[in-house]
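Please walk through this protein with its sequence and 3D model open. The tour goes from the overall build to the cores, and then to some local details.

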Amino acid sequence: MPRSRRSAPIPPRAGTFWGLLALLPPAEARPELLAGLGTHDADERGTIWSQLIANAGHTRDPGQIAEVLALAAARLAHERAPVREEALSAVGELPAPALVAALAIRASAGGSTGSASVERLCLDGLRARDCSERTRDAIRTLAVTLLAGAEASAADGGGATADTPADAGGATAVRTAVHLVEALTAHTGAARLGLPGTLLRGGAAGAVLGALGPWLDRAAVSGDVAPLLALVRSAGRHAFGSADLQDRLRQALGSCPDGVFGEVAAAWLADPVSRGERVAELLAREPSAAFVPQVLAVLAADRTDLLDSALPETPPPGGRFPVAGAPRPLPPFRYADRWLPRQQEAAVRLAAAVIADPGRGLDERAALLRAVALVPQHGRTLLQRYTAPGPSVPGHGSTAEASAAPAGSPLTAEASAGPGGSPLTAAALDAAAHTDDPASALATLLDHAGDDRAAAAWSAAARAAAHARPTRVAALLHDVLTRETGVKVTVRKAAARLAARHLPAGVAAALLSTVGRAPGIHRDVHATVVGLAATLLPDERMWALLESAAADGPDAARNALLDVSPAELAPAHRSRYGELVARLAFVPEEEEANQALYGLRDWAQYTPAAGSALVAVYADLASPLSVYRAGYGLTELAQSGLPHPLGGATPGSLLHDAVDRLLVLIAAGEPEGGGRDGDLPARRRLDSLLGSTIRDPRMCAVLARQLAAEPAATATRTALLVRAIDLEAAEPELLLSLRELTAAIEGRPVLAARVAEDVEEAHRYGRPLAGPGAAPTAIRVLSGEGGLVEGLLAVGLATALGTRLDWPESLRTTVVELRRHPEPEVRDAAYATDLGRR
C-alpha cells in the first residue's frame with residue numbers, strides 16, 4: 001500500500017482494520033493505534049490494545065516490547081476489566097524469548113523496566129474491583145509463559161543481546177513469575193499453575209526450581225503444601241526426574257495436614273518406576289497410611305504383598321489414619337484378580353459390612369455391590385445373598401419375614417424398599433452377569449421370572465446366557481417359556497429373544513414353534529415369536545408359523561410379520577416372505593392391509609405377487625384401502641430403473657397394466673353425481689396415477705399413446721404430452737413430440753391456449769441446459785405452419801426456453817418473428833412476452 005494511502009483518513013474502524021494495521025512497522029502503526037484508544041467503545045479499546053501489543057511482538061524486538069509494556073502499565077490501571085483482559089491475554093501470547101529478554105530492558109517512556117511494567121499491569125488487574133476469572137487466568141498463563149521462557153533462555157545460553165547480559169532476562173523472568181504466582185495465591189487462596197507437563201521440561205529446570213524455592217519454603221513453614229502440589233501438577237511427568245521436588249514431597253508427608261496427606265502421597269508415588277519401593281518406605285514410616293485411599297490403591301495394584309496391612313477387621317488403635325469420623329476406605333476391586341484368596345475374602349468381608357450398613361447411602365452401597373462382583377468366588381457368594389428369590393406378594397407381603405431378620409441384613413433392606421425390591425437387589429442382579437462365572441448365576445436370574453425384580457434379572461440374564469452352555473440355556477428357557485403361570489409377559493418375550501440369539505438354530509426353532517402354537521398364548525408373546533421366526537429361516541417350522549400368522553393370526557402377530565424388511569432376510573428367503581406380505585394386502589382388517597400395501601413397493605422386485613397386489617388394489621374401485629399408497633408404489637416402481645415388468649411403462653409393465661384396467665372401467669361407463677358410488681372414480685384415479693410425479697419424457701410419451709383411444713382421457717393425455725417434450729432431444733424427436741401434442745388439441749382453441757400456458761410453466765424451470773439446442777428450429781417449423789394451435793405452442797415453448805436460458809439472441813429473434821404471425825391470438829401472445837426482463 002502506498003505511504004499516502006496508509007496515512008489517509010480511515011472510515012469507521014473495525015477489528016479487521018486494526019489487525020491489518022498491526023502488521024505495519026511500529027513507527028507507522030503505533031501512532032494510529034494510540035489515537036484509536038480515544039474511542040468510547042470498550043470492546044474496541046480492548047481490540048486496539050491487543051493489536052498494539054501484537055504489533056510489538058511481530059518485530060521480535062525486546063526493546064519494542066518493553067516500550068509497549070510501559071505504555072500498557074501506565075494507561076490501563078483505571079480501565080475496565082474487558083480491556084485489561086484483552087491486553088493481558090495479548091502479553092501472554094507474545095513470543096516467549098522476546099518477552100523474557102524485554103523484562104530486563106528499561107523503557108524510554110517512564111523509565112521502568114519490562115519486569116516492573118508487567119508486575120504493575122498484573123497487580124493493578126488483581127486489585128481492581130471488577131477483577132474477573134478471565135483476568136486471573138490471563139495472569140496465570142503469563143506467569144507460566146515466563147517460567148517456560150526462562151527455562152528455554154537458560155538452556156540456550158541465556159539469550160544474550162546487546163542490551164541484556166546473558167541470563168539476565170531469564171533470572172528476571174523467574175522472579176517476575178514467582179511474584180505473580182504469589183500475588184495470585186494471595187488473591188484467590190489457591191495455588192494454580194499451568195496444565196500438566198507445561199513446566200520443568202528443559203535443561204534449566206534446576207534454575208527455575210531454585211528461583212521458586214523461597215516461595216515453596218515460605219509456604220512449607222506454615223504447613224501449606226498447595227504451592228508444591230500446584231508445581232508438581234504443572235510439571236507432570238517431568239517432576240519424576242526432579243530430586244528437589246521429590247525431596248520436598250517426602251518432607252511434606254511428615255508435616256502436611258491430614259486432609260491433604262493423600263494428595264501429597266499420590267504425588268510422591270506417581271512415578272511408576274519407584275512407586276513400589278516408595279510405598280513400602282511410606283508404610284515403614286507411617287503404617288496407618290495403608291488406610292489412605294491413594295496409598296491403598298497403590299497397594300491393591302502394585303504391592304499386593306503389603307495389602308494385608310490394610311485388611312484387618314478394625315484398624316489398629318493409635319494410628320494417624322483413618323481420621324476419626326471418616327469412613328474406612330476399601331481397596332479398588334478392579335485389581336482383585338491380583339490378590340491372594342485370603343486377601344480377596346478379607347476385602348469382600350469388609351465390603352459386605354459396608355453394604356449391610358443402613359447408615360450408608362443406598363447409592364453408595366449399590367455401587368460397592370457392583371464393584372465386589374469382580375472378585376472371584378467371594379464376590380459371587382456375596383451377590384447370592386441379595387439375588388436369592390423371595391416371596392413376591394403385591395404390597396408388603398414379605399414384611400413379616402423381614403421383621404424376623406437381623407437389622408441391616410439384605411432381607412431387611414430389601415423389604416424396606418417396598419414391593420419392587422431394594423436398589424441393592426437390583427444392583428446385585430445386574431452385577432451377577434459380571435462375575436468371574438456369569439453362567440452360574442443364570443438359573444438364579446431366571447428364577448425371578450414372575451416377581452417384581454424380573455426386569456433387572458432379565459437384563460442381566462441376557463448377558464449371562466452368552467457365557468453358558470447352549471444345552472443349559474435351552475433347558476432353562478424351555479421351562480420359562482412353557483410354564484403356564486408365574487411368568488410375566490415381558491419375561492416370556494425376553495426369553496424368546498434369548499432363545500433366538502443364544503441357542504442353535506434348530507433348537508431355537510423347535511422351542512419357538514412349540515411356544516407359538518401353544519393354546520392361549522398371549523398376543524404380545526405370539527407377536528414376538530413371529531417376529532423372531534424371520535431370523536431362523538429356512539426352518540419349515542418357522543415358515544409354518546409365519547404362514548399361520550398371515551392367514552389367521554392376531555393383529556400384533558401380523559404387524560410383527562410386516563415389520564421385517566427385505567434387507568433383513570437372506571436373498572433366498574425374500575421371494576417366499578414377500579408372498580406372505582402380498583397376501584396380507586387382502587385381509588379384511590383394513591389397518592393391517594394398508595400397512596402391507598405400503599411395503600409392497602420394496603417387496604415387488606423379489607416376488608411378482610407384490611406388484612400384482614398393487615395393481616389389483618389400485619384398480620379395485622370398491623377397495624377401502626389407501627389408493628395413494630398403491631399409486632405411489634406403482635409410480636415409484638415405474639421410475640425406479642428396475643427391469644421390465646417392474647420398471648417403465650411399456651406394455652406388460654405394472655403401470656401399463658394398471659392404466660389398462662382403469663381405461664376398461666372408463667370405457668364401460670362410470671357413475672356420476674357424487675353419490676354412494678362417487679363421481680367418475682376411475683377417471684379420478686387415472687388422473688392421480690399419471691399426475692405430475694411422472695417426469696420422464698419417454699415414459700410420458702408411452703403413457704400418452706396408451707390413452708389416445710379414450711376421448712374422456714384427453715386432458716390427462718395432453719398433460720402427459722406436455723411433459724413428454726424433451727428440450728435436449730434431437731430435432732426429429734422434438735418435432736415428433738410437438739406434433740403429437742398439436743394433433744391432440746387440434747380444433748380446440750381454448751384447450752390450445754391452456755396447453756400453451758402449461759408448456760411455458762412446465763419447461764420454464766429445470767436442470768441447467770447447455771444451450772437452446774434444436775428448440776429454436778422446431779419452434780420456427782411450428783410457426784411456419786401458420787395454424788393457431790401451432791403458433792400458440794411455439795410462443796409458449798419459446799417463452800419457457802428463453803426465460804430458462806436468459807434470452808439468447810436466437811430465441812429473442814424467434815419471438816420477434818412470432819409477433820408477425822398471421823393469427824392475431826398468436827401475435828398478442830408473442831407481444832405479451834417481455835424480452836427485456838432478465
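**From overall build to local detail**

Of the 838 residues in the protein, 49% are buried (under 20% relative accessible area; exposed means over 50%, and partly exposed lies in between, with a 1.4 Å probe and protein chains only). This is a predicted model, in which local features need pLDDT of at least 70, side-chain atom pairs count only at pLDDT 80 or more, and totals for chains, interfaces and linings use all residues. Residues are numbered from 1 along each chain as its sequence is written, and side-chain values use heavy atoms, with hydrogens and water left out.

The secondary structure comprises 44 helices and 0 strands. Both are DSSP runs numbered from the N terminus: helices are H or I with at least four residues, strands are E with at least two. Take the contacts (heavy atoms within 4.5 Å) with a separation of 6 or more: 65% of them join residues 24 or more positions apart. The accessible surface is about 37900 Å², and carbon and sulfur atoms hold 54% of it. Accessible areas come from the Shrake-Rupley method with a 1.4 Å probe; for residues, only the protein chains shown count as cover.

Now look inside. A nonpolar core is a set of buried Ala, Val, Leu, Ile, Met, Phe, Trp, Tyr and Cys residues joined through side-chain atoms within 4.5 Å. The largest one has 141 residues, and W458 and Y577 touch the most other members. Helix α42 (residues 788–805) supplies the largest share of this core, 9 residues. Another core, of 115 residues, lies apart from it; A29, I65, L209 and V264 are among its members. Beyond four places in sequence, W458 touches L445, L446, A449, L477, V480, V491, A494, A495 and L498.

Turn to H573 in helix α31 (residues 571–584). Its relative accessible area is 14%, so H573 is buried.

Next comes the backbone. Most residues other than glycine have a negative phi, and most peptide bonds are trans. The bond from F321 to P322 is cis, with omega near -5°. P322 sits in the loop between α16 (293–301) and α17 (341–355). H644 and P645 are also joined by a cis peptide bond, with omega about 10°. The loop between α34 (627–638) and α35 (654–667) holds P645.

Which phi does R60 have, although it is not a glycine? A positive one, of about 60°. R60 lies in the loop between α4 (42–58) and α5 (62–75). With a relative accessible area of 53%, R60 is exposed. W807, not a glycine, has a positive phi of about 50°. W807 is in the loop between α42 and α43 (809–818). At 5% relative accessibility, W807 is buried.
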